[in-house]
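Please look through the pockets of this model. The questions below take them in turn.

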Amino acid sequence: MHNPGTPERFDAQERLADGAQFIAGRLTKGTSGRTHAVVDPSTGEEVYTYELAGADDVDAAVAAAREAFPGWASATPGERSDALHRFAAVLADRAEEFARAESLQCGKPLKLTREFDVPGTIDNTAFFAGAARHLQGQSAGEYSGDHTSYVRREPIGVVGSIAPWNYPLQMAAWKILPAIAAGNTIVLKPAELTPLTSLLFAQAATDAGIPDGVVNIVTGTGREAGERLVGHPDVAMTSFTGSTAVGKRVAEIATATVKRLHLELGGKAPFVVFDDADLEAAVHGAVAGSLINTGQDCTAATRAYVQRPLYDAFVERTAALMETVRLGDPFAAGTDLGPLISHAQRDRVAGFVDRARGYARVVTGGEAPQGELENGAYYRPTLVADAAQDSEIVQSEIFGPVLVVLPFDGDDEGIRLANDTPYGLAASAWSSNVYRANRATREIKAGCVWINDHIPIISEMPHGGYKASGFGKDMSAYSFEEYTQVKHVMFDNTAVARKDWHRTVFGDR
């Protein structure tokens, strides 16, 4: 499977030999007394074994962040911006290392990490370097007699964040960058399956001159390290990306200490194709949008609703295009699709499809490949047709390379079906009619609605959901502002203290 001439795999055991915790500017080993292995999902081989974080490590990381906060918060916007510009330059210099590490731990094709994950992270860093100089309150004004009021935006304090395993590098960046650009310090817990690039990211921040303690990483289980971080009394804000079920648990813990909360949760994105759409464009969009990152993307196209005149042709052509997608070694140039994150996740996806055979039609895929790929967590691109709207495969988040296609008749029905899940993270609508497209953007309840495309994101625009997909935004100025708190400042403009207000309240005394 490892073809001669493919790029060298990242040697995590050597590169991160000092441990998988990054606290106060240095790598250390965890203190829980338990170890965990990072597994290459394309082969099933263990590639990095490390000591998990325990409660003491979380406490040490929070203490480091708390100690670093006053100095970092008092730095000028220009100083923070300069540090982030240096950070972006360090990331660019190490881009190939990040790409190989991300491909190794996630099984992503190297061409995806090189062309999407790593460049996107560098661009995010450059964006927040600029944003750091543009944190504004509101203009001053006299709203009450001789008093002047204005609004300050100030950092919140120590942020405790938890990132998922599907986009470890980008999710670390989405949480760390706006937090520190606004003057906060942070403790991030990556998924224990995929800590490699988060640790490299924190090292790069320190090497760029961001002070020790501003960025800290603790790698442990959700039950031990995650819950300790969310519930810590010195953590002022929690940001979590993951499943809706775990998000509810995070919210429950955070509520006990009245923390600021940011949640980006599950998705079940609809892909609505009206009968005047460009069929070939929609077919290619559906395959790319449903298979990105092997379908392990909460914005991935998972439910295609196709107006009946195009339905049969869409199903036929989408299945045919899926069958051309090449599964293989993530480090091989010709690979289009890598494995799922683990064998357990592959079996979970297969369970959804196997159960659907009793009530729907599996048009293509629906199986794990054999031969040289059988040791990895691979699953063939799968198209399921003719399921009922209330069936499990339509309503539940699968998180794998599976697209379900259903027909609809009128426009009202298509939009109603698109909205008919608890989720509301992303959606797309396909039409050549501007009025149809505009109606879809108004009426589909999701944080992002693409028209005649599905999946692209940009640093300048927000990402976040409606309904059970959570609240709060990543990327953009909207994200930046979420990591601040607003203070009203009001002062008396008269030369001497006024007594009129006091007389009104207390009388003449």
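Q: Which elements each supply at least two residues of the lining of the largest pocket, and which gives the most?
A: The model is predicted: local features need pLDDT of at least 70, side-chain atom pairs count only at pLDDT 80 or more, and totals for chains, interfaces and linings use all residues. Residues are numbered from 1 along each chain as its sequence is written, and side-chain values use heavy atoms, without hydrogens and water. At least two lining residues each come from α8 (222-231), β10 (237-241), α9 (244-255) and α12 (343-356) (helices are DSSP runs of H or I, at least four residues, and strands of E, at least two, numbered from the N terminus). With six residues, the element that gives the most is α9.

Q: Where does the largest pocket lie relative to domain 1 and domain 2?
A: Domain bounds come from an automatic or database domain assignment. Domain 1 (19-135 + 148-265 + 473-488) and domain 2 (270-451) both contribute lining residues, so the largest pocket lies between them.

Q: How many residues of the lining of the largest pocket are charged?
A: Trp-165, Phe-240, Gly-242, Ser-243 and Val-246 lie nearest the centre of this pocket, among 36 lining residues. Ala, Val, Leu, Ile, Met, Phe, Trp, Tyr, Cys and Pro count as nonpolar, Asp, Glu, Lys and Arg as charged, and the others, Gly among them, as polar. The lining has 17 nonpolar and 11 polar residues, and the charged ones number eight.

Q: Which element gives the most to the lining of the second largest pocket?
A: The lining of this pocket draws at least three residues from each of domain 1 and domain 2. The element that gives the most, with five residues, is α10.

Definitions and conventions: On a 1 Å grid over the protein atoms alone, a cavity is a set of points where a 1.4 Å probe fits but cannot get out, and a pocket is an open set with protein on both sides within 12 Å along at least five of seven lines; lining residues have an atom within 4 Å of a point.
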